[in-house]
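Please keep the structure in view while reading.

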Amino acid sequence: MQRIGVFVCWCGSNIAATVDVKAVAEAAKHEPGVVFSTDYQYMCSENGQAMIREAIKEHRLTGVVICSCSPRMHEATFRKTAVSAGLNPYMVEIANIREQCSWIHKDMAEGTEKAIILARAAIAKVHLNAPLVAGTSPVTKRALVIGGGIAGIQTALDIADAGFEVDIVEKAPTIGGRMAQLDKTFPTLDCSACILTPKMVDAAQHEKINIISYAELDSLSGFVGNFTAKIRKKARFIDETKCTGCGICTEKCPSRKGLNDFNMGLNTRGAVYIPFAQAIPNVAVIDSAQCIHFRTGKCGLCEKNCSAGAIKFDQKDEILEREYGAIVVATGFKPIDASAFNEYAYSDSPDVVTSLEFERIMNAAGPTKGKLVRPSDGKHPHEIVFIQCVGSRCTEDATKGKPYCSKICCMYTAKHAMLVREKYPDVKVHVFYIDARTPGKNFDEFYRRAVEQYDVDYIKGMVGKVSVEQDHLHVQGSDLINNEQIHINADMVVLATAIEPDPTARALGTMLTASMDTNDFFTEAHPKLRPVESPTAGVFLSGVAQGPKDIPETVAQAGAAAAKVIGLLCKNELTCNPCVAHANEALCNGCSQCERVCPYGAITYEDKEVRSPEFRGIKRIAVVNGAICQGCGACTVTCPSGAMDLKGFSNSQIMAEVDAICR
Amino acid sequence: MQEMIKERVLTLINEGAADRVLAWETGEFFYDRTPKFFDKNNVNDLKYDSFCGANVTKYLIAEMPKEGKTIVLVKPCDSYSLNQLCTEHRVNREKVYALGVGCRGKIDVEKLRTMGIKGITAITEEGDTLTVSTLYGEKKVARKDALLDKCLCCKGKEHKGVDEVIGDSEETSVGDKFEMVAKLEAMTPDERFEFWRGELSKCIRCNACRNVCPACSCIKCVFDNPKSGVDNKAAADDFEENMFHIIRAYHVAGRCTDCGECSRVCPQGIPLHLLNRKMIKDINELYGDYQAGAEIGQRHPLTDYTLSDDEPSVVHERGGANA
Amino acid sequence: MSVNQEWTPNIVAFCCNWCSYAGADLAGSGRMNYPANVKIIRIPCSCRLNPLFVLRAFQRGADGVILCGCHPGDCHYSTGNYYARRRMTMLFSMLDYLGIERGRTRVEWVSAAEGAKFAATMNDFVKTITDLGENKKLEDLRCKK
Amino acid sequence: MSLTNTVTAEDLIRISGVDPSKCMQCGKCSGACPSYDEMEYHPHQFVAMVRKGQIEKLMASDAIYQCLSCFACLERCPRNVEPAKLIEAVRVAVIRQQGMNHMTANDIPEKLDEKLPQQAIVSAMRKYSK
């Protein structure tokens, strides 16, 4: 039998005005197991807590019931009080007689009666409480960053600078990501490569950073602090340790028809290639689907010409198994496929390009060496139309496009317009926009410069149709300010296509059991207060994987995610939530139903020897990993035999509360 | 067919593919067929005929700790129960050789009795006709009129996931299996309450339904566990009669293959399958057609969800007039 | 409960810790009134509500049982309320099938910000149960005093 | 809606099934409109004016008959607002106020060409029965 103390708080007049606290304390005295009951003005005050501590010692209390405000308010306070008096913190129960009683009822008799019932329920529950001890689990002091774009690189650098090992897994042959494809960056117009490539080099040279390029996460097990990842390092058919990146193979390769992904398919590359000059690692890769040797068994020119002997046609995918304490998702984005918007003739004319394609055209290292020419005939364009919000801000029920604002398009379109006017003052530039969204430091000034200084023709309205005519594109759109429909004969049309999460994100989310929204962006643990953490413990978010953002925001978030990771990796061990599920071995059938509903993958099965009146021998039994379990209780209800129960909210505890209320 | 089965079983055992067989033997009366394990020494006593209505798959659970492999004879409908038991890891499929046996519906002697045929001494069948020998002479009965209720909503002639099939099967279902459920749904709540009070008050808590049910396979049932808060050995009042059957139906919801054994064995003739079938009908209507045990490894509807599931208030909204 | 006094319903409300319990607290902070015969039991998640608890409450004389949880999509444990939704649908359907009045059970999604919705829901539920009258079909007479 | 009462925005919303509040005034509908220059009010203005309750102006405007019912605006709208349906609703409202000089339902089946979108036929018919 427990020895229970009941403490009824007045909360000044907050409770005492509508609840007769003395009557509650008196009624509690008559409940079984209650050896002490009292009331006080402010239980949470230092004096009130001292009173609780003394009573615990004096009356050798084994359980404490506080009738006070919501447990969401002071449960932690009173648990600490109990601990300081030598009682297990989980032997404290709160009866919420303020928010859920005194504050909602006006009648004293009614309020008092309900408060007594709530106190009884808490007493009934505490009778069945058992001391709980939070377990601990060790922390592997290494982080995994998935994605080697600017988000991943920055996160890795910050974590590594704090002294922890970091692995970057990048699915492409080189790190750098989307930022490496950009020409200039807004709002400063400094060259993207000039600010990114030093960071790439820093990452490559950092002794704590290990770049695993051309690789993807194959599977993941474990939990916060203790993940085990299997990483598939795809065969690049090049010995990375030997390749010097001299590029001779890429020149000798006779198969020239592969589309150059880095240049958004605007030109071609060989079957063996280095994505771009500053690639890291600066190592070639062979596209086996394109390579003549892989298709016919002949050729092998690259092998013959490689003085380093780095070509390895027999290389196989390799699986690396590594352990991590934390995982950062930095999988980034891709532009949506513009061909769904056939009103803009993207599929019909090479002169209709997406902004990222335009970025490559304007880039000195791009397919045109930075010279602005029409893709169709290589001629200099005289009039360019930019269309914003292509596929952004559509409704959920629209047949195509995304419901969100892609956030970066207004600014990069202003940048493109400005760059064109700067380099080629003879080119007329029109921008169709719905709203020019420029919240950001120096962003609106930048946009205004495009309008005022560079005379870019901003038209508030949208293009309804682009039609391909003999030697130009006919653009028909509305000008809402002038209330007219306008027709422009343009040489090029640039579509500011929406961005969407990288297509690998969804599968990754499933693998990490990290939740995602309907657009496949990773969900943050709290949209305001925990924006860089996933609800899954130990998984953190960096960059556009979480939602559209520009480079400065991405870098800021990357740093924030790194700080969270460092905070985790600093710890030698993690304290677990003790209110977790556990299976009664004698009752468990091993039927696997609990495993199916567990959102965290906390349940596994073991064959164990069991000796109970009903069963003797070896049987399959559910085992809950207390470090992963978050205590939702989904398993307890799905369990047919009642073997699965939840500590702190056990079947018998909840039923005791029900009984006390329905008495 | 019985002889072919015996021969095949013997061959399998002699070849070392299995060690024993789970099938039926004759019980106290000539038409009783009781589950039994045979080895090669007594396999000759194995019976398989039109009286083998019982579903024997549940007996495999206790067999699992034993060494070796067990052959189990399964009718098409039994194969669903076997798969469900494997899904729930109660039976290890690798330790079982599932031998499908042909079935054209099983005979319910009780039905003959309710036709007024008394003093039955033997039953022979030829085609679609049964010849019932009684103390008072012979009677001819159409086979379809003497089938078990569960055969009237047969799950089809296909064995699901068995290793081998001997003999042909026929589908014997007549009409819509949800007809009676729909009829109850159409009643007013008070009429339904009266109907179920009338039925459930007959319950004597013999636990036959629980013991025969392949889904009720817990090592220790909640009703036997004093800590579960619902334990009781006998129904002391109306509520407990209700409670037992509600909880039982709920526990098997999504896992029940609708094998109909609960109603078959109920000594009081309570149509227990109507509770399970209601759950099945709801699942089909709300979460899409689902047949428990159709294959191994299925995720049953109550351990699954979609983002757009109906709200529980759908129960209140359906058939609004009877609210 | 005595028969002589004017009968008032007894209602058990199971609230998930993260949304609805906080919503109930908010109703209190906003001093929004709802009848005192609603008693709240805190559970970690709506998926912790075992149908046995609902039956137990009716057995012990509750006249109505309501479950409140996070809105679908907002579950703290990401999927709990989806399971709860199916389980309660099946349970309510079963009770309805046995002829128990449909109004005695309810599920309502109440977020931590919806104090007003919590109070309104409870007021409405109490009214429904008051109109239905005492729970006679599912009570255990032995438990009555 | 009775014949004598004034037409309200709610009436048009009910007839058309269009929710003008979904519109973000991007103007893509008007950018796509082939009759733009003929129309006094343009597709995006129909949506905006219905939202503001300026129904009488729309009903008095010839724009409702200059609309070709080509549905380009409806097709291109990124937010599924479907301005064409709203314009059609204004036409319907006008016709209903004019009395019953339109075709009856029984006249329709034999004139129906399966290849034409049904809504285009109906709206064209209303238009020419001015």
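Two strands are said to pair if DSSP finds at least two bridges between them. The model discussed here is predicted.

## A hairpin in chain B

Strand β1 (residues 20-26) and strand β2 (residues 33-38) of chain B run antiparallel and are joined by six bridges. Together β1(B) and β2(B) form a hairpin, and six residues lie between the two strands. Within this pairing, B:Trp24 stands opposite B:Pro35 of β2(B). In a regular strand the side chains alternate between the two faces of the sheet.

## The open sheet of chain A

In what order do the strands of the open sheet in chain A stand? The sheet has five strands in the order β10-β7-β6-β18-β29, and their pairing is parallel. β10 (209-212) and β29 (539-541) of chain A stand at the edges; each has a single partner strand, so one side of each is left without a neighbour in the sheet. On average, neighbouring strands of this sheet are turned by 20 degrees against each other, direction ignored.

Helix α7 (residues 150-161) of chain A lies across β6 (142-146), β7 (165-169), β10 and β18 of chain A, and runs at about 165 degrees to β7(A). Helix α16 (residues 551-569) of chain A lies across β6, β18 and β29 of chain A, at about 170 degrees to β18(A).

## Helix α16 of chain A

Helix α16(A) has 19 residues. From its first C-alpha to its last, α16(A) reaches 26 Å, close to the 27 Å expected at 1.5 Å a residue. Which residues of α16(A) are buried? They include A:Ile551, A:Thr554, A:Val555, A:Ala558, A:Ala561, A:Ala562, A:Val565, A:Leu568 and A:Leu569, and A:Gln557 and A:Lys564 are buried as well. An α-helix has 3.6 residues a turn, so residues three or four places apart point the same way. The buried residues of α16(A) are covered by elements that include β6, α7, β8 (184-185), β18 and β29 of chain A.

## Backbone features in loops of chain A

Most residues other than glycine have a negative phi, and most peptide bonds are trans.

| Residue or bond | Feature | Value |
|---|---|---|
| A:Phe186 to A:Pro187 | cis peptide bond | omega near -5 degrees |
| A:Ile280 to A:Pro281 | cis peptide bond | omega about 0 degrees |
| A:Phe237 | positive phi | near 65 degrees |

A:Pro187 is placed in the loop between β8 and β9 (190-191) of chain A, and A:Pro281 in the loop between β15 (272-273) and β16 (285-286) of chain A.

A:Cys11 is found in the loop between β1 (4-9) and α1 (13-16) of chain A. Is A:Cys11 buried or exposed? A residue is buried if 20 or more other C-beta atoms lie within 10 Å of its own. A:Cys11 has 24 other C-beta atoms within 10 Å and is therefore buried. A:Phe237 is found in the loop between β12 (226-233) and α9 (248-252) of chain A. With 24 C-beta neighbours inside 10 Å, A:Phe237 also counts as buried.

Chain C has four helices and four strands, which follow the pattern β-α-β-α-β-α-β-α along the sequence. Of the 145 residues in chain C, 71% are buried. Among the contacts in chain C with a separation of 6 or more, 83% are between residues 24 or more positions apart.

The contact between chain C and chain B takes 32 residues from chain C and 34 residues from chain B. On the side of chain C that touches chain B, α2 (51-59) and α3 (80-97) of chain C each supply at least two residues. α3(C) gives the most to this side, with 14 residues. The residues of this side of chain C divide into 16 nonpolar, five polar and 11 charged.

The contact between chain A and chain C takes 34 residues from chain A and 35 residues from chain C. On the side of chain A that touches chain C, α5 (98-102), α6 (108-127), α18 (634-638) and α19 (651-662) of chain A each supply at least two residues. α19(A) gives the most to this side, with eight residues. By class, this side of chain A has 17 nonpolar, 10 polar and seven charged residues.

How values were computed:
Residues numbered from 1 in each chain as written. Chains lettered and ligands numbered in written order. Predicted model: local features only at pLDDT ≥ 70, side-chain atom pairs only at ≥ 80, totals over all residues. Contact = placed C-beta atoms within 7 Å. Nonpolar A, V, L, I, M, F, W, Y, C, P; charged D, E, K, R; others polar. Axes fitted to C-alpha atoms, helices over the stretch in contact; angles between N-to-C directions. Expected span 1.5 Å × (residues − 1). Buried ≥ 20, exposed ≤ 12 C-beta atoms within 10 Å, placed from the backbone.
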